[in-house]
Amino acid sequence: MIRIVEQKTKIDILKMLKDTGAIMEGHFRLTSGFHSRYYLQCAKLLQYPDLTYKIVSELPDIIDEHILQETETVISPAIGGILFGYMLAFKLEKKMIFAERKTEKMEIRRGFEIKKGEKFIVAEDVITTGGSVGEIIDLCRANEAEVNAVVSMVDRSSDAGFDVPYYYLVKFDIDKYSPENCPLCKEGIKVNYPGSKKNI
Ligand code: ZN
């Protein structure tokens, strides 16, 4: 089962995810070790710029006016967050950069800069544990920049616990099972491991 816990927009994002095949059905092993009937692959939706634009266009109504005005730059974790963050920056008429993990740590490359006092929104397509976003917040602050808010399309975290305002469009709750109690394993269905860190 996929349940919508909270939806802050009139557009039906769950339907958009289903229609574009972003919610994959089968038998999946998640990075967390749990098994699930569903796997969320947001890239399947974000490959359509018109749909992505429709989604990000909902955000200015949700985000605090003062934060929208003050923010100079959107920053996203590569690779998953780039398409969403770039389109959000286009809608908000801001600059956009991304951080990437060349080794274990998130860093900015490609001549991007985080300037002292620069004001950021961190944008990610789906927030599961909040780990990458938390690292980007730290990266901005290490460069004496400010993070005004975190923004995501889907929230899958029970509590990401950011110390800045967090805005998301939809929050899902998706059934998952420990391998010992997995009904799909009991049915003998082969388990897939999508091999992405972005998981449900
Ligand atoms: Zn299973």
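Tutor: The following account takes the salt bridges in turn. This is a predicted model, in which local features need pLDDT of at least 70 and side-chain atom pairs count only at pLDDT 80 or more, while totals for chains, interfaces and linings use all residues. Residues are numbered from 1 along each chain as its sequence is written, and side-chain values use heavy atoms, with hydrogens and water left out.

A salt bridge is a side-chain nitrogen of Lys or Arg within 4 Å of a carboxyl oxygen of Asp or Glu; by this rule there are ten salt bridges. One of them joins aspartate 173 to arginine 3, with 3.0 Å from N to O. Aspartate 173 belongs to strand β9 (residues 166-174) and arginine 3 to strand β1 (residues 2-7), so the pair ties together parts that are 170 residues apart in sequence. Strands (E, at least two residues) are DSSP runs, numbered from the N terminus. Aspartate 173 is partly exposed at 32% relative accessibility, and arginine 3 is partly exposed at 31%; buried means under 20% relative accessible area, exposed over 50%, and partly exposed in between (1.4 Å probe, protein chains only).

Glutamate 100 and arginine 110 form another salt bridge, their closest N and O atoms being 2.8 Å apart. Because glutamate 100 lies in strand β5 (residues 95-101) and arginine 110 in the loop between β6 (106-107) and β7 (119-127), this pair ties together parts that are ten residues apart in sequence. Glutamate 100 is buried, at 12%, whereas arginine 110 is exposed, at 59%.

Methods. Helix = DSSP H or I, 4+ residues; strand = E, 2+ residues; numbered from the N terminus.
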